[in-house]
Amino acid sequence: VEGRAQKHLALILARELASQLATATFIADARGELVFYNEPAEEILGRTFAEAGAMPAEGWASQFRLEALDGEPLPMEQMPAAIALMQQRPAHGKLWMTGLDGQRRLISVTAAPLFASPTDFVGMIALFWQEPTPDDA
Amino acid sequence: VALEARIWGCRGSLPTPGEATVRYGGNTPCVEVRTPTGGRLILDAGTGIKQLGARLEPDGPVHVLLTHLHLDHVEGLRFFAPFWRADTELHIWGPPSPLHSLEERIARAFSPPLFPLELSDTPARVTFHDVPHETWEIDGVRIDAQPVSHPGPTLGYRLAVNGSSLAYIPDHEPVLGVELADLEPEWISGHAIAAEVDVLVHDCQFSESEYPSRVGWGHSSVAHAVQFAQRAEVDRLVLFHHDPDRSDTAVDSLVERACELWDGTSPTTPVAACEGLTLQLP
């Protein structure tokens, strides 16, 4: 509707789903803008969504320090969420992430592109889990 | 008058004739909209469309805008008289589906064993259209369609002309598991379609006490309908899609409740749709 902002229904429903999940969930729109993450994600990312707010792709991609399992910096194009956004295909990976609270955590991420129709890409949803590390044993 | 809308059917889910529904009517959704130039748009093809079709003269193209393909919104199409006249130019608009065309999906209801004839047997010149993403025009009326929250591909429509606007969202559960009051407008399903319209025709299938056991069925409680209308800052709310178990007296009670909840953002309090109700937009 001309002049009126409206999120795509697929994103609205994804956010409603995420708000009911105990699994950390992160949602970006088709431009890569972070539009929502849920409370379990806040625990891992180290800041509430209310504090962080929506942010463009370059903002969130640079805020969280990401490393491969060997400790080397993880290029953006190898991040599961970035693969889902840029290549529009599902991706899964395990990586180290230093959240906004300064804590370094080992996480698994599964990201999937969101298509409202075969040609209508509306965004990406990523679910992630904190993995046990040798230090936890 | 810019637009004039007439209700031919406002019952949800199932046609409900009988003495308990005489005042509001038992036909399923159909709303006729007359344009300033004398054109005609028909919103949904529930059983109400049968009586409308019997009165239509073959005086130009007929446009039917379907919100979705649940049976209560298309079951009248098979008995829509213009479908059976060779001189009819009929355009049917509806929600796109990832897998099947609109024609293929409607043909299911137009084929055995559900119906004795095939869609291809109808003499009218019929064209099926997936609604476009962007605004389009019919008879000078600007039309927007956007997906709204309801099981299966479902649209809300906004019709606007000469500064007047009407939104039609007959099947809608505006929030699921979150509070409507907490959401920014752009995160509310259907908000852009309804924002600041003169008239909003909106789902009001459930009472507040019924809704908790029907979450996810795709319909609104009276509280949802009122709150959605107020968040969208509409001028007039018309309650629609009455539950088939709702008697006329019970619909009266829902209207009373809607008026209690209406906080006076507009001086025009909610009303319930009934067959024959005509809405004249300024």
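## A salt bridge between the chains

A:Arg4 forms a salt bridge with B:Glu196, and the closest N and O atoms of the pair lie 3.9 Å apart, a distance that falls within the 4 Å cut-off for such a contact. The structure is a predicted model, and between chain A and chain B the count of salt bridges is three.

The largest share of the side of chain A that touches chain B comes from helix H1 (residues 9–19) of chain A, which supplies seven residues. By class, that side of chain A consists of eight nonpolar, four polar and five charged residues.

## Extent of the interface

In the contact between the two chains, 17 residues of chain A meet 26 residues of chain B. Together the chains bury about 1,800 Å², of which 57% is on carbon and sulfur atoms. A:Val1, A:Arg4 and A:Gln6 account for 33% of the area that chain A buries against chain B, which is more than any other three residues supply.

Polar contacts also link the chains, with seven residue pairs counted where both residues have pLDDT 80 or more.

## The fold of chain B

Chain B contains six helices and 14 strands. Its radius of gyration is 18 Å, close to the 19 Å that the globule rule gives for 282 residues, so chain B is as compact as a globular protein of that length. Along the principal axes, the C-alpha trace of chain B spans about 50 × 40 × 35 Å.

Of the 282 residues in chain B, 57% are buried, and among its contacts with a separation of 6 or more, 68% are between residues 24 or more positions apart.

Key. Residues are numbered from 1 along each chain as its sequence is written. Chains are lettered from A and ligands numbered from 1 in the order in which they are written. This is a predicted model: local features need pLDDT of at least 70, side-chain atom pairs count only at pLDDT 80 or more; totals for chains, interfaces and linings use all residues. Side-chain values use heavy atoms; hydrogens and water are left out. Contact means heavy atoms within 4.5 Å. Buried area is the accessible area (1.4 Å probe) that two parts lose on being put together, summed over both. A salt bridge is a side-chain nitrogen of Lys or Arg within 4 Å of a carboxyl oxygen of Asp or Glu. A polar contact is a pair of N or O atoms within 3.5 Å; within protein, one must be able to donate a hydrogen and the other to accept it, and residues adjacent in sequence count only if both atoms are side-chain atoms. Helices (H or I, at least four residues) and strands (E, at least two) are DSSP runs, numbered from the N terminus. Ala, Val, Leu, Ile, Met, Phe, Trp, Tyr, Cys and Pro count as nonpolar, Asp, Glu, Lys and Arg as charged, and the others, Gly among them, as polar. The radius of gyration is taken over C-alpha atoms; the globule rule is 2.2 Å times the number of residues to the power 0.38. Buried means under 20% relative accessible area, exposed over 50%, partly exposed in between (1.4 Å probe, protein chains only).
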